[in-house]
Amino acid sequence: MWGYALSLPAGAPGAFAMDGVELYGKPDPALKSGVVVDSALHPVKEGATAHIEISVATTGSLPIEEPVTVAYTTQGGSAASGTDYTPVTGTHTFPAGTASGTSHTVAVATARDGDAEPAETIPVELTVTGAKPPKEDPQVVIDAHGLPYLDAKLPVKKRVADLLSRMSPAEKAGQMTQAERNALRTPGDIAAYDLGSLLSGGGSVPTPNTAAAWAKMVDAYQLRAQATRFQIPLIYGVDAVHGHNNVIGATIMPHNIGIGAGRDPKLAERTGAVTASEVRATGVPWDFAPCVCVTRDERWGRSYEAYGEDPALVEAMETVIRGMQGSPSGKDLDRNDKVLASAKHFVGDGGTEFGSSTTGAYTIDQGVTKVTREELEAVHLAPFAEAVERGVGTVMPSYSSLDIIGDDAGPVKMHAHAEMINGVLKDRMGFKGFVISDWQAIDQIPGDYASDVRTSVNAGLDMIMVPTAYQEFTKTLRDEVAAGRIGQARIDDAVSRILTQKFRLGLFEKPYADPANLDKVGSAGHRAVAREAVAKSQVLLKNDGAVLPIDPSRKVYVAGSNADDLGNQAGGWTVSWQGASGRTTTGTTILEGMRKAAADPASVTYSKDASAPTGGHDVGVVVVGETPYAEGIGDVGNGHDLELSAADRAAVDTVCAAMECAVLVVSGRPQLIGGQLASIDALVASWLPGTEGDGVADVLYGKRPFSGQLPVTWPKSEAQLPINVGDAAYDPQFPYGWGLTTLTKTPMGGEHTLAALAVAAHAAEKAGLSRTAQGKAIVDRARLLVQEKAGGKVTAAMSGPFADADHLLLSGDLTGAVAGLRAAYRAV
C-alpha cells in the first residue's frame, strides 16, 4: 500500500489530487482467522503466576474452517529462566469448527527470591499455523520490588534521589521526551525508548470518542510503561483549555475570556475543579492549562485564551489553578479529581506585535513581543509569579520571541531564553515544577537540530514536546550529554523535576484511570457550574429602554448565525484543534435555552437570516459573531477580521428596524459594530459560552442578573488596535471594565453618594477588605453611578479613569478605584 502525506497552506484554500492506484496480488484464502492475546503485557508481582489468554477470532465471528495451532515458549528477556520463573513450552490446537473467541490459557509461574530488584521481562514467543499471528507476542513482567523509590511512606525527595541514582542515560533521556500518541511506530516503543510522557494533540482522540474510551486508551499506553526496568509511569497530557474539550459529551466551559468577564475568582476555581475531575476520570493526570497570558491586541488568534488585557484580572482568575491542583503544596495531586496544571505561555505571548510573525501566514501569533523591562515585569511576568505562588506544577514557554527594549540583544525565542527560564522563572521566582516545551517549538530555534536540543535544554527546558521525532530527539540528547555540551547536572535537575511531579500525582501507586468519576463527565452537576459561569460571563454593554431582561411571556423573534450553532458558541479547541460549526458535541444552543426559558416555547420564532415575517413579535434577539478558529489560524489578516459577516449585519438591520432588539455577539474578541450601534437597543458581549446555552438564556430572561464586565477594551475601529487600559490615548467604543447590570438599582445621590463611597472604600481598605466581595461591592456601586450618568454615551474623557478604576480595584486599591470613578463621573 502506498501512503501519502501533505500539508495544505495555512489560512488559504488548498487542493490535492492523485492518479489511479492499483492493488496487485490476492489474499491467502487459508488465513481467514487470526490469533489474538488478551494483552501484550502481563505485569505480576514476584512469586505470582501470569495467565495469558490466547484466542482464535474470525471475521464476522464465524467458527474457524481449518484447525489453528499455536506453539508457545518462554525465552529471552531480562528474567532468568529456571531462577526467576518456571519455563513454559507447549502447543495448543483449535480444531476446525471452533467458535470464534474461544481461548486457551498459558500460565507462567514466577519465583520469589526476596531480593530487591527492578522489573524483569519474560517474552512468550508464539508460532501460529493456519491463522494470522498476533501483531506482537505477549510478555510477562515481574514487577520491580523492594527498592526505596517504591516506598510510598518515604518523602518524595528521597524517592526521587533513589530512582535517579539508578537510571541510565537512555532512561533519563526518555523521561525528558514527550511524544504524540499517533506518532508511535508501535506501542512497544514506550518501553523501548523509556518514554516519560505522551500527549493527545487537539483532535487526537480514540474511537469512539467517549470518556470511557479515553480511559481505556490511556490505560493501554500506561500499561506499556510497566515493561521498563523501573516501571516509571507515563504522565499523559491534554489541552483541556475550557473543560475536557477533546472529549465528546464533556462539560465545555466558557473560554477564559468569558471567565475573565465573570470577575468571580471562586467560580473560576470551581470551573477548574470540574475540568480537573473530568480530565482525571479519563486517566489523564496533566492539563496544559491555564493560559495566564495577557492579551494586548485582539487581532491575536489566541485572544480568547486569555482572561483579559489587565494582568491584575489574570492574576485574580488564577484561582483556577487551585481548582485543578488543590493545595499549593501539591498534597492533593494524588486525588482522583485533580490534575497537574500548566501555566502558559512564558512569557509575553499576548504582547506580540502585529506583522511580526514569521510562522506561515500568521500575522501576530508566534511573533515578537517588544517591551521595556518595566512593562515586561508589570504586564507579562506578574501572572507567572502569581502562578508560581499558587504552586502550579508545570510551565510552558511561548513560541514567540522576546525583544527587550534597550538591551540591544534583539529578539530571542522564548524556548531558547535562558535568562527568562533559568534566571527569572526558576531562580528568582523559585519555580520548583518542570518546564515543558510547546508542540515542536524547539525546531523554531535558529540552528541545526543538535543545536536546538542543547540550546533549549540548557535554557531550562525539562521535557520536550517532540512530538513526532522521539527517536531522533532521545539519541540527539544522549549524544549532546556524552559530548559534554549539556551538563549531567542539568539532565539530573530536569529528570528530578519530572519525577517529583509523577510521585506527587501518585502515579507510581495508581497509574491507571479510576472509573469512579467517569459518570461525572458531562454530568448535570458539572454542567450547572458551567451554566453559572456562562451567565456571569455575559456583559451587558447597552440596554436602552430596559429591553433586557425579556419577560418570558413576550413573543420573541430570534435571528443570526450563532443563535442555534453549538460549535460556533463553543469556539476553537472543541473536539478538534480548530473547532467546527454545527453540533459537534453534547450541549444546548442559545436558541434551545431561550425556548426552555420562555413561558411557551412556541412564542420564540427562529429565522437564521431574518427572512421570516417579523410582524407580531414583541422583541428581537439577533445572535451574531464568529466561527471557530484557534491559534495563528485565527489571526486577523490571516483570513479573519473583526467585522460581522454581511449576513449577520443584514439580520441586525432587518430585526432592529422592525422592533426593539437585543444583539448578542458570540465571539472570542470584540467585533466592530459602531456603524449599527445606534439602531441596536441592547447589546451583549456573549463571548464563547461553551455547551451551556441555558446560561445565556438565564440572563436574557432574568433568571439570573447581568453582572459581567469587559475583560478587554472594546474598540471603535481596527485602526485603534492595540488599545488597552492605561494607554495615554484611550477613546474606545466601551472601556475596559464596562458592564451594565440588572442585579441592583443604581444608587441615588450622584456626587454626594460617590463621596460617601470614597469614605467607605478607605475604611474597607484599612479593615483588610481590599480583595473581597465587600470591597468590590463598594466600587461596583460607584461604577453604576458613572454608567447611569453616561447613558451609553461613552467619551474619551471618562473612559480612561473608568478603565483605570477597574485595574485599581483588582490590584486591591479601593480608594484609588473610587477616586478614578469620581473623575470619570465628572468627565461624563
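Lys789 sits over the face of Tyr825, 4.1 Å from the ring centre, where a charge counts as lying over a ring if NZ of Lys or CZ of Arg is within 6 Å of the ring centre and within 35 degrees of the ring normal. Arg299 is placed over the face of Phe354 in turn, and the table sets out both cases.

| Charged residue | Ring | Distance to ring centre |
|---|---|---|
| Lys789 | Tyr825 | 4.1 Å |
| Arg299 | Phe354 | 4.2 Å |

The model is predicted, so local features need pLDDT of at least 70 and side-chain atom pairs count only at pLDDT 80 or more, while totals for chains, interfaces and linings use all residues. Residues are numbered from 1 along each chain as its sequence is written, and side-chain values use heavy atoms, with hydrogens and water left out.

The structure contains 12 aromatic pairs, meaning rings of Phe, Tyr and Trp (its six-membered ring) whose centres lie within 6.5 Å, with planes under 30 degrees apart called stacked, over 60 edge-to-face and the rest tilted. One of them joins Tyr149 and Phe230 edge-to-face, at 6.0 Å centre to centre and 85° between the planes. Because Tyr149 lies in the loop between β8 (139-142) and α1 (156-166) and Phe230 in the loop between α4 (211-224) and β11 (235-238), this pair ties together parts that are 81 residues apart in sequence; helices (H or I, at least four residues) and strands (E, at least two) are DSSP runs, numbered from the N terminus.

Tyr149 is buried at 0% relative accessibility, as is Phe230 at 4%, buried being under 20% relative accessible area, exposed over 50% and partly exposed in between (1.4 Å probe, protein chains only). Ring pairs link Tyr149, Phe230, Phe503 and Phe508 into a cluster.
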